Amino acid sequence: MSYLTPAAFVEKMIDAGEAKAFMSTRDTVIRAYMAGAILALAAAFAVTITVNTGEPLLGAVLFPVGFCMLYLLGFDLLTGVFTLVPLALIDKRRGVTVRAMLRNWGLVFVGNFAGAFTVAAMMAIILTMGFSVDPSVVGEKLGEIGESRTLGYAEHGAAGMLTLFIRAVLCNWMVSTGVVAAMMSTSVSGKVIAMWMPIMLFFYMGFEHSIVNMFLFPSGLLLGGEFSIGDYLIWNEIPTVAGNLVGGLTFVGLTLYATHARTAPSRRQSAPTESVVAE
């Protein structure tokens, strides 16, 4: 597997964040577009498996194929740059500013949404035979997901919003762990194995991922889901983006940076030397 030590892969995290902050607009958008599209295809794949087999676990086990593909191809998800780019800023890498970080986040968001929406439109065409027939069983399921994960939260008011936010926090805790896990190994097989586990966990547990939702909800609307664009934005996408930011940065980026890049002095080294007085 060619395992790297935590200190080594945390340095790679900071380097990656710096590189993304300085990446050209063209490359940032293209990579984000492809990441959103591939992850959307993986989500469509997982929902299709779940509907056709009746086994949600099987869909979750196979969903990470899309995540692994997009990261091996060097594409970027918003959830990943939420964790990596701030580390370059905190580490005071030359030229990395708050403006550069926000620029990267904004471009990746736009690219991810465009890619996911493209696949949502294509899947809607496939599932309705070019909008000439009613949605298939899979299409109906996509509409149901959109309703349950917008109006379902809205029914509970503040408690629903809190639940949505915490699910988003937990989601990017796992997804960013997957991003970092890919840096733990220098072999393709090692990267895939390390990424697979946390991604499978987040999908099966029903946590809220902003880019997956950029596919699920627009496709649900195109397929006749009984919810509005406002419902989607207020009762899912905006709180999910905020929760993803908190989860990835707080529980993955900052914790790893604090203990492996800025390790506190050892207690053994800092302890005063005891002197022995001979009588």
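A residue is called buried when its relative accessible area is under 20%, exposed when over 50%, and partly exposed in between (1.4 Å probe, protein chains only). The structure is a predicted model, in which local features need pLDDT of at least 70 and side-chain atom pairs count only at pLDDT 80 or more, while totals for chains, interfaces and linings use all residues. Residues are numbered from 1 along each chain as its sequence is written, and side-chain values use heavy atoms, with hydrogens and water left out.

Aromatic contacts are described first. Rings of Phe, Tyr and Trp (its six-membered ring) form a pair if their centres lie within 6.5 Å; planes under 30 degrees apart count as stacked, over 60 as edge-to-face and the rest as tilted. In one of them, the ring centres of Phe 63 and Phe 202 are 5.8 Å apart with planes at 80°, so the pair is edge-to-face. Phe 63 is found in the loop between helix H3 (56-62) and helix H4 (64-72), and Phe 202 in helix H10, so this pair ties together parts that are 139 residues apart in sequence. Helices (H or I, at least four residues) and strands (E, at least two) are DSSP runs, numbered from the N terminus. Phe 63 and Phe 202 are both buried. Trp 173 and Phe 251 form a stacked pair, 4.3 Å centre to centre and with 10° between the planes. Since Trp 173 belongs to helix H9 (residues 157-181) and Phe 251 to helix H12, the pair ties together parts that are 78 residues apart in sequence. Trp 173 is partly exposed at 33% relative accessible area, and Phe 251 is partly exposed at 34%. A cluster of Phe 63, Phe 202 and Phe 203 is linked by ring pairs.

Helices H4 and H10 pack with their axes 9 Å apart at an angle of about 135°. Axes are lines fitted to C-alpha atoms, for helices over the stretch in contact, and angles run from 0 to 180 degrees between N-to-C directions. H4 and H10 are therefore oblique to each other; angles under 35 degrees count as roughly parallel, over 145 as roughly antiparallel, 65 to 115 as roughly perpendicular and the rest as oblique. Among the H4 residues in contact (heavy atoms within 4.5 Å) are Phe 67 and Tyr 71, and the H10 side includes Met 195 and Trp 196.

Salt bridges, in which a side-chain nitrogen of Lys or Arg lies within 4 Å of a carboxyl oxygen of Asp or Glu, number eight. Arg 93 and Glu 11 form one of them, at 3.0 Å from N to O. Arg 93 lies in the loop between helix H5 (78-90) and helix H6 (98-127) and Glu 11 in helix H1 (residues 6-22), so the bridge ties together parts that are 82 residues apart in sequence. Arg 93 is buried at 15% relative accessibility, whereas Glu 11 is partly exposed at 38%. Arg 262 bridges to Asp 91, with the closest N and O atoms 2.8 Å apart. Arg 262 is partly exposed at 48% relative accessibility, and Asp 91 is buried at 16%. These residues belong to a salt-bridge network of Glu 11, Asp 15, Glu 18, Asp 91, Arg 93 and Arg 262. Arg 149 and Glu 208 form a further salt bridge, the closest N and O atoms being 3.0 Å apart, and both residues are buried.
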